[in-house]
Amino acid sequence: QIFIRRKFRHALFKEIYQQGAIRVLTDYAEKLSPFVNENLVRYVEEHYDKVYVSTAAWKDLVEAILARQNIKGWIVHGTEYDTNFHRFYTCWHEAKVERLEACGVGHFDLFTDSKEDRPLMNAADQVFLVKGDSFALSV
């Protein structure tokens, strides 16, 4: 299953890139930006000086969505691809923690909607569970 998913993702993103990454980013950012949790964005910007987004999603797409929402200064760690899409660097599971550590982030609070973020949950000072437009501190 993992191999098939990886091959499919490779083929999909190579096709997207060949069709014009800028157009695709613009189209998808427009379609996905209404799903940004504005309550969470407001809270994070009011309470934190530095924000890291660690996601398995395509980094360029997440940055395009943030730009469309006029969210500035957030540092995105996401899946990245080389220009020929022969190699990609996934930001998933333990890789999310490794990327934060590589940036010197030792203490952080986590906002997540996924149990797949267990490695981040284990490393975080506080964990907030996000569901829809709401979020709450996990106890």
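**View 1. D117 pairs with K96 in a salt bridge, the closest N and O atoms lying 2.7 Å apart.** The term salt bridge is used for a side-chain nitrogen of Lys or Arg within 4 Å of a carboxyl oxygen of Asp or Glu. The pair links distant parts of the chain, 21 residues apart: D117 sits in the loop between β4 (109–112) and α5 (118–123), and K96 sits in helix α4. Helices (H or I, at least four residues) and strands (E, at least two) are DSSP runs, numbered from the N terminus. This is a predicted model, in which local features need pLDDT of at least 70 and side-chain atom pairs count only at pLDDT 80 or more, while totals for chains, interfaces and linings use all residues. Residues are numbered from 1 along each chain as its sequence is written, and side-chain values use heavy atoms, with hydrogens and water left out.

D117 is buried, at 9% relative accessible area. K96 is buried too, at 7%. Buried means under 20% relative accessible area, exposed over 50%, and partly exposed in between (1.4 Å probe, protein chains only). Residues up to four places away in sequence aside, K96 touches S54, T55, A56, C91, D117 and L120. Contact here means heavy atoms within 4.5 Å.

**View 2. R99 and E80 form a salt bridge, with the closest N and O atoms 3.8 Å apart.** R99 belongs to helix α4 (residues 94–102) and E80 to strand β2, so the pair ties together parts that are 19 residues apart in sequence. R99 counts as buried, at 18% relative accessibility. E80 counts as partly exposed, at 34%. The structure holds 3 salt bridges.

View 3. An α-helix has 3.6 residues a turn, so residues three or four places apart point the same way. E63 is partly exposed, with 34% relative accessibility. Helix α3 spans residues 59–68, and its buried residues include L61, V62, A64, I65 and L66. Just after α3, N70 takes a positive phi of about 60 degrees.

**View 4. T79 sits in strand β2 (residues 75–81).** T79 counts as buried because its relative accessibility is 1%. The side chain of T79 reaches the backbone nitrogen of C91 at 3.4 Å. This is a polar contact: a pair of N or O atoms within 3.5 Å, where within protein one must be able to donate a hydrogen and the other to accept it, and residues adjacent in sequence count only if both atoms are side-chain atoms. Neighbours within four places in sequence aside, T79 is in contact with T55, A56, A57, W58, K59, F88, Y89, T90 and C91.

View 5. A disulfide is a pair of cysteine sulfur atoms within 2.5 Å. By this rule the count is 0 disulfides. The closest cysteine sulfur to that of C91 is in C103, 10 Å away, too far for a bond. C91 is buried, with a relative accessible area of 0%. C103 is partly exposed, at 42%. C91 is also among the residues that K96 touches.

**View 6. Y28, L32 and F35 form a nonpolar patch on the surface.** Together these residues have about 340 Å² of accessible area. Accessible areas come from the Shrake-Rupley method with a 1.4 Å probe; for residues, only the protein chains shown count as cover. Patches are made of residues with over 30% relative accessible area and no salt bridge: like charges are joined within 9 Å, nonpolar side chains (Val, Leu, Ile, Met, Phe, Trp, Tyr) within 5 Å. F35 is placed in the loop between α1 (2–32) and α2 (38–47). F35 counts as exposed, at 68% relative accessibility.

**View 7. L12 lies in helix α1.** L12 is partly exposed, with a relative accessible area of 36%. L12 and R42 are 30 residues apart along the chain, and their C-alpha atoms are separated by 33 Å.
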